[in-house]
Amino acid sequence: MNKVFANAKEAIVGVEDGMTFMLGGFGLCGIPENCIAALVELGVKNVTCISNNAGVDDFGIGLMLQKRQVKKMISSYVGENAEFERQLLSGELEVDLIPQGSLAERTRAGGAGIPAFFTPAGYGTEIAEGKEVREYNGKPHILETALTSDFAFVKAWKGDKAGNLVFKDTARNFNPLMAMAGKITVAEVEELVEPGELDPNFIHTPGIFVQRIFQGTNYQKRIEQRTVRPKI
Amino acid sequence: MLDKYGIAKRIAQELEDGFYVNLGIGIPTLVANYIPEGIDVELQSENGLLGMGPFPFEGEEDADLINAGKQTVTTLPGSSVFDSATSFAMIRGQHVHLTVLGAMEVSQNGDIANWKIPGKMVKGMGGAMDLVASAKNIIVAMMHTNKEGESKLLPSCTLPITGVKCVKKVVTNLASLEIKDGAFHLLERAPGVSVEDIINATAGKLIVPDFVPEMKID
């Protein structure tokens, strides 16, 4: 079983117009830069993107928005992207804003074969409209359904040729969850190694969740808010 | 009257040894600078970090290590990192002791609005709805009035709400107040602020005891 692909262009073969994609990352931290670039180059259209954020104007999913490739975004926070806001207010783009914890759990549930669950998040707010309410332990909860995708694009620090992944610091975020919830999960890694080189005790995403893997190149790893303190 | 640093200092007095604390963006973030001597707290950042350290030294910033405000941060001895579902399990499962959030409006029954201004601001709720729905203890840090001078402590929220009946305490530039039984209960006045000032700036139901002490801020 070969999961290894030469590059992003080859690893995304099979994506089609109208598909639903999941893209890992929090802000620009841990986003699948190579896959996004390949999707932009391919020009696939009318896609639904499930991603915590929508990138910034000139990077991340913002690049797909610029080319009008996205029909719908499912996100929790989209505040850093003026083009996104413009397309949303003009009606060109649909958006489903959902609480971040519910987005994470709905994705995890999708990958774990749990079709729906009750959560207190959003009860009594406009996002609860039309959703079933049940009381547990004296507290109202709303029914949220699982999310899955045709393709999940994730970014890891290290991966082996069996698809096992290790993430670094807060670049982990949604990546392991989305890896579970993609029909086809494409992982791009900074360092691709032979099976056996990663300690099984420290694998974050087991290879069973990853169908395709490739060594990424030219990572920009942009920082949105560079905050530092002076060296003493 | 307090400035935003004063509000953060007052809220820092609420921290207890051993607390796991989630600080929202804005004034809440400043609370980290005033953790009292001898009090050990661990800061949780919902993008997947427990035991958040200070900003990195210049030149040591790492794009892979940020907080929920997307600022570069550091880890500390004893820190851990995890995925977003685990992070919100900590929040939804009530393992986090205290959440400090900013708000645009708070109502007298504890509703909070801080995510959306219809027609103006479409940014999303991020983790705020999960936090307010599940936190054991929520303190709101905000100015008492908005830029137009209108009260942000209301009988009921006019903006789309983030959560219902969840705020327990509010610390503003004028006062600290507890929310219970459908009313704001005045606990303390900010330095130099009169009870009259607070009454005038509060649109919601306000219970004022006979004696209202002044806050002690260093």
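Which residue in strand 15 of chain B is the bridge partner of B:Phe184? Here is a friendly walk through that and a few other points.

1. Ground rules. This is a predicted model, in which local features need pLDDT of at least 70 and side-chain atom pairs count only at pLDDT 80 or more, while totals for chains, interfaces and linings use all residues. Residues are numbered from 1 along each chain as its sequence is written, chains are lettered from A and ligands numbered from 1 in the order in which they are written, and side-chain values use heavy atoms, leaving out hydrogens and water.

2. The partner of B:Phe184 is B:Leu206. Strand 14 (residues 183–189) and strand 15 of chain B run parallel and are joined by two bridges; strands here are DSSP runs of E with at least two residues, helices are runs of H or I with at least four, and both are numbered from the N terminus. Two strands pair if DSSP finds at least two bridges between them. The sheet is open, with mixed pairing and the order 4-3-2-1-5-10-12-13-14-15. Strand 4 (74–81) and strand 15 (206–207) of chain B each have a single partner strand, so one side of each lacks a neighbour in the sheet.

3. The three-stranded sheet of chain B. Another open sheet with mixed pairing has the order 7-6-11. Its edge strands, strand 7 (112–113) and strand 11 (153–154) of chain B, each pair on one side only. Strand 6 (residues 105–107) of chain B pairs with strand 11 of chain B in the parallel sense over two bridges, and B:Val106 stands opposite B:Leu153.

4. Strand 7 of chain A. Strand 7 (residues 139–145) of chain A pairs antiparallel with strand 5 (residues 116–119) of chain A over four bridges, with A:Phe118 facing A:Leu143 as bridge partner. Strand 6 (residues 133–136) of chain A also runs antiparallel to strand 7 of chain A, joined by four bridges, and A:Arg134 has A:His141 as its bridge partner. Two residues lie between the strands of this hairpin, where A:Asn137 takes a positive phi near 50°.

5. Helix packing between chains. Helix 5 (residues 100–112) of chain A packs on helix 3 (residues 84–92) of chain B at about 125°, with axes 9 Å apart. That angle makes the pair oblique (under 35 degrees is roughly parallel, over 145 roughly antiparallel, 65 to 115 roughly perpendicular, the rest oblique). Angles run from 0 to 180 degrees between N-to-C directions, and axes are lines fitted to C-alpha atoms, for helices over the stretch in contact. Residues that meet (heavy atoms within 4.5 Å) include A:Arg108 in helix 5 of chain A and B:Phe88 in helix 3 of chain B.

6. Salt bridges. The whole structure holds 25 salt bridges over all chains (a side-chain nitrogen of Lys or Arg within 4 Å of a carboxyl oxygen of Asp or Glu). One of them joins A:Glu92 to A:Arg68, with the closest N and O atoms 3.5 Å apart. A:Glu92 lies in the loop between helix 4 (82–89) and strand 4 (94–97) of chain A, and A:Arg68 in the loop between helix 3 (61–66) and strand 3 (70–75) of chain A, so the pair ties together parts 24 residues apart in sequence.
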